[in-house]
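Here is a short report on one protein model. Look over the sequence and the fold, then read on.

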Amino acid sequence: MRYGFLFGAGAEVGYGLPSGGKFALDIFRQDTTESKKEFKAMRDSVDSTTTYASNWLPRDYIGRSISSFGKSVFQNIIKDTVEHKRSHIVQKLNAFDETARKAADKLQKEGIDSKEVMERLLKRRLDNLHMNQSVAFISEFAEGNQLFHNSYFAAFLLIYKNKGIMDIQDRPEFRKIILSILQLQIGALSEELTRKINDGIFQKKDDDIDVFDDLGEIIQLNYSASGIIGMEYLMEMREPDKKTDSGKILYLAQTIMEDIYASVLDYKSLIDSNWHYLYSPSSDWAKFCKISIFLLTVRSYILSSAAQADLTKSDGYYNLLKKAIDDGKFEVSAIATTNYNTFIQKIVGQQVAYLNGSTEMWYDPYLNRIGEKSSLNAAESHLLVPLMFTQSGTKPMTSIDMSVQYVDTFRMWQQSDAVVVAGFGFGTDDEHINGILRTLIDVDGKRLIVVRLFDGKTEEEEAGLIGDKLKVSRTKNIKVILVDASGTQIGTRIKWTESLLNIK
């Protein structure tokens, strides 16, 4: 059998790397000092007598100040998050106890029994705590009322209500966390209501009278009050005293809040709205610097995370694939990844296509060229940026190097018996890859085998959801292998690399 492979972010979580949301939070916590130094070094290496410096860069680029993104971008991030993930936010907060229990389990491993602390201080069992009879949103926001039925959130409200439980230094922070959670829920509910109203202001109207079409959005949401307080708090929060009851409760609240924000945060708009400034440094120098330094910071963070990854994990997705290849279980046509780390190539020992760019792939906006840093600057030094957000920057997709990589991967997948996907979400931002998979399934009749971490759904249910995301007609061509954290197929004792051979 001959297989093609595609790996997404989920394939690297097992190596100790952060998930997408945690990644986003950590990026904004990074110190940009070193990235600024790196940018200045590139700027200083540019020959000021070249046409590039004369026509592409501003006249006094050497002496101009440089800056990075600050807190002002938080509002745009929250706006994008609330706009595009409003349903997910409501669902996440309505299932507050699920997030809280995971956080409590994490603290338990650190020797902190947060549940015992709260039950002792409140003199009540947590599962006997609910606030839905005491607190409720207006009828228009009724969908979010499930939040108050959650025991952990009820405990938080009662702990805050009892002014003697939290220490004086912890109480203001605890209040901020509760406020941020409520703001995020209200923001998501308000966004949904606002859209319904703006989309249907008129119960009846004459479609031939175009003046109605020019009314636009009458009602707009105040995004600055929809979660920015929480975002700012997560960027600057201090570590509480975990020896005190108050500190243990605050630590639990911080952990829950971080998980909530990490699961819903969407910063794609930051890239989308600033990428084009890479092509106008002479007129938009400050914004050119900010997006460049941001990308340098992202690269630095990814490299730092990869350096701490445990690449020897025998049950890691890449290690299992390597073993299967070495054992001659099957042939490989092409391996592709949407991740930015390059250690996949070191582990599997084969060429890998980096469909979203990588830490070692650089982009020259001036020439619209992609390659290694040394090769791009071999003839003449230019200001380069790491290429790690291909799906957000449309122009890099037109680079011949990237086009060839996509076409070559597609052609090799066409020559496979099936394409195996692991850790990939098939999200709307991945349409440039979803389109390839859709063509392989519907046009070429190829099978898509998806390795999925078991979360309670059956293989058939997962296949149906994936088919819906990919918008394919041949859903029978999608097969799912459900696995546990060790890569073992559920209900068996074999790894997913062996399960592939059982799918006919």
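Is K471 buried or exposed? K471 is exposed, with a relative accessible area of 53%. Buried means under 20% relative accessible area, exposed over 50%, and partly exposed in between (1.4 Å probe, protein chains only).

## About the model

This is a predicted model: local features need pLDDT of at least 70, side-chain atom pairs count only at pLDDT 80 or more, and totals for chains, interfaces and linings use all residues. Residues are numbered from 1 along each chain as its sequence is written, and side-chain values use heavy atoms, without hydrogens or water.

## Overall build

The protein has 22 helices and nine strands. These are DSSP runs, numbered from the N terminus: helices are H or I with at least four residues, strands E with at least two. Of the 504 residues, 51% count as buried. The C-alpha trace spans about 70 × 65 × 65 Å along its principal axes.

## Helix α12

Helix α12 covers residues 245-264. From first C-alpha to last, α12 reaches 29 Å, close to the expected 28 Å. That expected span is 1.5 Å times one less than the number of residues. In α12, 17 of the 20 residues are buried, so the helix is largely enclosed by the rest of the structure.

## Two loop residues

Most residues other than glycine have a negative phi. K471 has a positive phi of about 60 degrees. K471 sits in the loop between α21 (459-470) and β9 (478-483).

N368 also has a positive phi, near 50 degrees. Its loop joins β4 (362-364) and β5 (369-371). N368 counts as partly exposed, at 24% relative accessibility.
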